[in-house]
Structures are given as structure tokens and as C-alpha cells.
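Hi there,

I'm passing along the structure we talked about, with a few notes on its charged side chains. Please have a look at it first, then read on.

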Amino acid sequence: MATTETLGRSSATNDVVLFHSSPACIAVTRLDNGEVIDANEAYTSLLGYRRDEMIGHTVLELGFFSAETRDAILQAAQAGSIEDYELAITDKGGNTRSCLV
């Protein structure tokens, strides 16, 4: 019989597998400074980075968008959830990618 701890560990493992195998672009960043905590393969592939090139760096250091855009995202997040927010992200090659957040 599974214990609550075992079920919790299993659920967390499933979440990690779903995160990394999702065809949707997903990145986890810190709200306070924009540091990339994790990103899945779809996200790294779209932007041309390896995962290890992104983790530990901020979205501004990576040049994804301007400080003004980051401020607008923070304002939207503080006002509630961010939904249907169109965002232009710059990839590693300098190309602009249009994304819906």
C-alpha cells in the first residue's frame, strides 16, 4: 500500500516529466528578478538556447525583452493573473518571436 509520502513523491515526479515533455513552451522564472529557474525543451528549442545557458541568468541578461517590457509584465502579474498577454521575445540569434502568455 502506498503511503502519503510515496504518493506525493510520485506526483512530483509526474509533474517534472510533464513539464519537460510538454510540447508547450514553459519556463519558470523568479518574479522578483526574472532569474530563469527551469525551462523545458520546447522553450529552449524556440529560443535557441541550451537549458544550462539559461538557468541562473535573468531574462534581461539573456536579452529576451527590455526592462520596460518586464515592468509591464510585473504590473500585469500584480493586478492578477496574466492571460492572453502578447509578448515579443528575442531569441539567441536576435530574432523576435511573438508569444502569447
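**Salt bridges in the model**

Asp-38 pairs with Arg-51 in a salt bridge, with 2.7 Å between the closest N and O atoms. Asp-38 belongs to strand 2 (residues 36-39) and Arg-51 to helix 3 (residues 51-54), so this pair ties together parts that are 13 residues apart in sequence. By salt bridge I mean a side-chain nitrogen of Lys or Arg within 4 Å of a carboxyl oxygen of Asp or Glu. Helices (H or I, at least four residues) and strands (E, at least two) are DSSP runs, numbered from the N terminus.

Please bear in mind that this is a predicted model: local features need pLDDT of at least 70, side-chain atom pairs count only at pLDDT 80 or more, and totals for chains, interfaces and linings use all residues. Residues are numbered from 1 along each chain as its sequence is written, and side-chain values use heavy atoms, leaving out hydrogens and water.

Asp-38 counts as buried because its relative accessibility is 16%, while Arg-51 is partly exposed at 39%. The cut-offs for relative accessible area are under 20% for buried, over 50% for exposed and in between for partly exposed (1.4 Å probe, protein chains only).

How many salt bridges does the structure hold? There are six. Among them is Arg-30 with Asp-32, whose closest N and O atoms are 2.5 Å apart. Arg-30 is partly exposed at 38%, and Asp-32 is exposed at 55%.

Another joins Arg-50 to Asp-52, at 3.0 Å between the closest N and O atoms. Through shared partners, salt bridges link Arg-50, Asp-52, Glu-53 and Lys-92 into one network.

Best wishes
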